[in-house]
Amino acid sequence: MFTRWDVIALLLILGLLVFFSEASRHLLQPLAELRLKPVSLDPANLPEYAARTTLRMLIAMALSLLFTFTYATLAAKSRRAERLLVPLLDILQSVPILGFISITVVFFMALAPGRVLGAEFAAIFAIFTSQAWNMAFSFYQSLRTVPTELVEASQNFRLSPWMRFWRVDVPFATPQLIWNMMLSMSGSWFFVVASEAISVGNTTITLPGVGSYIALAIEHKDLVAVGYAILTMLIVILIYDQVIFRPLVAWADRFRFEQEPGGIPPQSWVLTVLRRSRLVDRLTAPLASVWRHVLLARWSKRAAPVMREPPKQHGWITFQWAIIVTALAAVALWQVGRFVIEDITPSDIATALLLGLATLTRIVVLIAVASVIWVPIGVWVGTRPHVANIVQPVAQFLAAFPANLLFPIAVSLIVMFKLNPDIWLSPLMILGTQWYILFNVVAGAMAIPAELRSAGANFRVRGWLWWRRIAIPAVLPYYVTGAITASGGSWNASIVAEVASWGNDRLVAQGLGAYIAEQTDAGDFHRIVLGIAVMSLFVVLINRTFWRPLYLYAERKFRLD
Amino acid sequence: MDTALLDIHALRQTFPRADGGELLVLDGIDLQLTRGQIVGLLGRTGSGKSTLLRSIAGLMPPAGGSITYLGQPVVAPAPGIAMVFQSFALFPWLTVLENVQLGLEALGLPEAEIRKRALAGIDLIGLDGYESAYPRELSGGMRQRVGFARALVVHPNILLMDEPFSALDVLTAETLRTDFLELWGDGKLPIKGVVLVTHNIEEAVLMCDRILLFASNPGRIIREIAVELKQPRNRLDPPFRDLVEKIYVAMTSRTPTPPRIGTTTPGPAATSIDTILPRVSANLLSGLLEALAAEPFNGKADLPVLADELHMEGDDLFPVSDALQMMHLVEVEGGDIRLTDVGKQFVEADTDDRKRIFQRQLLSTVPLAAHIRRVLQERSHHGAPKSRFFDELEDHMSTEDAEETLRSVTAWARYAEAFAYDDDTQTFSLENPT
């Protein structure tokens, strides 16, 4: 008979069904529909907007997973593909996606002319680009580090490539992948706000959603509406954390590779409900059986091939491959070159580079300031476990919180006190990204072995000596990881943070971000591309010459094992 | 009954070297496995015995020669050859039952058959009641039982075992060995032959019908020993002890640092700049010298007895005795180890004198140490990057060996105060911090 678990489970599933049908009802309507029923600030609409926004994010997440499983697998399994795909991913990670939205929207509108679907595609694509790269990277790295003995065991028992992928590779990569999915989901809120109200030149397309609601609220200087939007987001984040990520994390605990029993395993009430319900059990049994058959299907008779080290490179094939890659690169170069040269003068390039330096200065100063503030706090919190347990989820929420929601408040303050936007708009860039520094430092401080701390206390190492000899070295590798994320995110954020508006008040700071944003408003594709290219260049250069060496150094010198 | 299950002829295996060349790790291996036999591969770390096992498993296609299993060449994992791993290699996300079923699923058997055989295997190996447990919930011994069950349920003709007991504590290992031998003796195991890799001499004598002794650089078989004792064997039996002693003698009577191809000069003089140095700390070296000088040995000991006394297995003891012999601090012959006069001086000296003696021996007998010191002296600022020596070594050995060798020589030189090394800047220098 029905247990109470069944009832709860049924409610959860029905709720999900309703949510999907509600949210996808409008997809096939013509664009004109959007104009007939414009986004309104009535808070009664917010549940629907929230549902639509969340659906977009979930679809983008599904696409990101698909991308991860194919792209990263190809990169990890084929050496030839790896040589091209990994650097490509590294660059893609550094490209400021916000600048791209205007370009992609034109493309996707052309795919489904006159329908809402095209705009939806563009928005989903923008969200996808904010989620996919780090997931793919994490999956690629996991695939590269599957322990040799597991690989050998799977070869010894002659698993087919298909079976090996699902039985060995994916499970091994799962915990890391889920962690990255959570980061991606948090990060993509930032883009939701920017991608639902897309304006290119004179056309503005507004898709109903939380993002466009916020954009409208800013336009109308409606602080109350901004408050409603923040509340809605809070609720949405709470819901998907409880319904999706907590259960996933609790479920994925079994995929941890460490063999020793760790601390308390993560819990999730939703997962408990689903596991205990007999109804769910009966409903999913056929699915599980189908999955089992798919898993066991012998797509090919042969077992996964054994690579001999080194696989002898066939000179001819390598040569052909080199030719193809070179040809592709040449075509791309020609395309870009023609595109840029058509309209761009050397002085344009010089302007973009100079503006890039301005933004760089801001980011360096901001990261330094944020470090001075958050490293001591992070260490203080991390060395007190009961405080850390409270602070960590809060910091994670703050990281998920799209900082652009706070812009209106900042802008009105700047206007009110007549401050210099070149200086006072800057903090907005790091508003959303500084939390990465905080929670990485907290994690690092928590990882300091109790013995080391006791030894420090025993020798009465205190004050500045304690910081210099114990705390800072121990958290440095973690800090660098956080700072890399924070600085990358700040570049991206500069596109929305260097130009901020509140109703008719519009503040502009001198910088590359503002340059890209203004060219987007003007619909000048050549200069958008120029701005993006220069920004990518800055990010890649700084990563290669500063962050990566620093990380390697910290890793080598201060690793605690 | 005499048909060979496995026939290996003139097998060669190579690893790629950093400079693009190849490093020979196995050479001229001949081996036949007949039905009903357990063959042991015994040798020191780095003698290529695990490489041979992986070649048989089809995880490394031969670089030369042939491996024939039931008339078919082995170039990829063959059905009917299953492996038990040193570190268990269980999938932590699968339960005991799912782990055991994995090999059967890959065979594409019907589900009912998979379940039947998996449960039978679990029953046979004594894992009843643990079916739904995850590996992390089990002790090491139980985990290895899962490893055995997983290999046995596919009904392999040949079972390969890669030091299956070496990650377990002494007592658990012994129980598992006894259980295995009992099932094997009673004919309850669905296997026809076993290849066991081990570095534990007693384990080899306890379990195997034939033992192949390996020497390193390149890995090759130097001796074959038939074990004709009846099962179950008793470790305290005089014939058992004799055989153990005989293998100790065989494993130490060779040159301590085996010659490379081309150089056949026997004895410690064979060491050169590119000799792979064993990874042994200076503490362990002086510790062994002291133990050897003290009661009950008084400067001379039987290797197996010394190993027992120090609770070391042969594999742990050999690198230490090798290093000491290289530096002329001990002599090893016929399974015996004896302090030399220099060795005696060392034991009797105080800390500073010990360092002086050690430095003299190090620089006169370890060419790499002398070489590094000479280079440092010749340079005006008395410093040289690590990479300078690393690249030199890499031309003659694998990257890992080069790394290990440099680490060993650094550790010894630090104790001897022969030269210093700064890990931050990765440079050697003659200066010591003052």
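**Domains, sheets and loops**

Reader: How many residues of domain 1 of chain B are in contact with domain 2 of chain B?

Author: There are 15 on the domain 1 side of chain B, and they meet 14 residues of domain 2 of chain B. Contact here means C-beta atoms, placed from the backbone, within 7 Å. One caution: this is a predicted model, in which local features need pLDDT of at least 70 and side-chain atom pairs count only at pLDDT 80 or more, while totals for chains, interfaces and linings use all residues. Residues are numbered from 1 along each chain as its sequence is written, and chains are lettered from A and ligands numbered from 1 in the order in which they are written.

Reader: Nice. What about chain A, where are its domains?

Author: In chain A, domain 1 is 63–255 and domain 2 is 345–561. Their C-alpha centres lie 21 Å apart. The contact takes 27 residues from domain 1 of chain A and 29 residues from domain 2 of chain A. Several elements of chain A each supply at least two residues of the domain 1 side, including helix H8 (161–196), strand S1 (197–200) and helix H10 (223–252). The side of domain 1 of chain A that touches domain 2 of chain A divides into 19 nonpolar, 6 polar and 2 charged residues.

Reader: Switching to cores: how many residues does the largest nonpolar core have?

Author: It has 247 residues, and A:Ile214, A:Val441 and B:Ile56 are among those with the most contacts inside it. Helix H6 of chain A (residues 116–144) gives the most to this core, with 16 residues. A nonpolar core is a set of buried Ala, Val, Leu, Ile, Met, Phe, Trp, Tyr and Cys residues joined through C-beta atoms within 7 Å. Buried means 20 or more other C-beta atoms within 10 Å of a residue's own, exposed means 12 or fewer, and partly exposed is in between, with C-beta atoms placed from the backbone.

Reader: What does B:Ile56 touch?

Author: Leaving out residues up to four places away in sequence, B:Ile56 touches B:Leu6, B:Ile67, B:Val74, B:Ile81, B:Leu160 and B:Val195.

Reader: OK, sheets. What is the strand order in the open sheet of 4 strands in chain B?

Author: The order is S2-S1-S4-S5, with antiparallel pairing. S2 (22–34) and S5 (72–73) of chain B are at the edges with a single partner strand each, so one side of each has no neighbour in the sheet. Strands count as paired if DSSP finds at least two bridges between them. S4 of chain B (residues 64–69) is joined to S5(B) by 2 bridges, and B:Tyr69 has B:Gln72 in S5(B) as its bridge partner.

Reader: What sits in the loop between S4 and S5 of chain B?

Author: B:Leu70 is there, and it has a positive phi near 50° without being a glycine. B:Leu70 counts as partly exposed because it has 15 C-beta neighbours inside 10 Å. B:Gln426, also not a glycine, has a positive phi of about 55°. B:Gln426 lies in the loop between strands S15 (420–422) and S16 (427–429) of chain B, and it counts as exposed, with 12 C-beta neighbours inside 10 Å.

Reader: Last one: which peptide bond into B:Pro232 is cis?

Author: The one from B:Gln231, with omega near -5°. B:Pro232 sits in the loop between strand S10 (220–226) and H7 of chain B. Another cis peptide bond joins B:Glu295 and B:Pro296, with omega about -5°; B:Pro296 is in the loop between helix H8 (282–293) and strand S11 (300–302) of chain B.

Note on methods:
Contact = placed C-beta atoms within 7 Å. Domains from an automatic or database assignment. Nonpolar A, V, L, I, M, F, W, Y, C, P; charged D, E, K, R; others polar.
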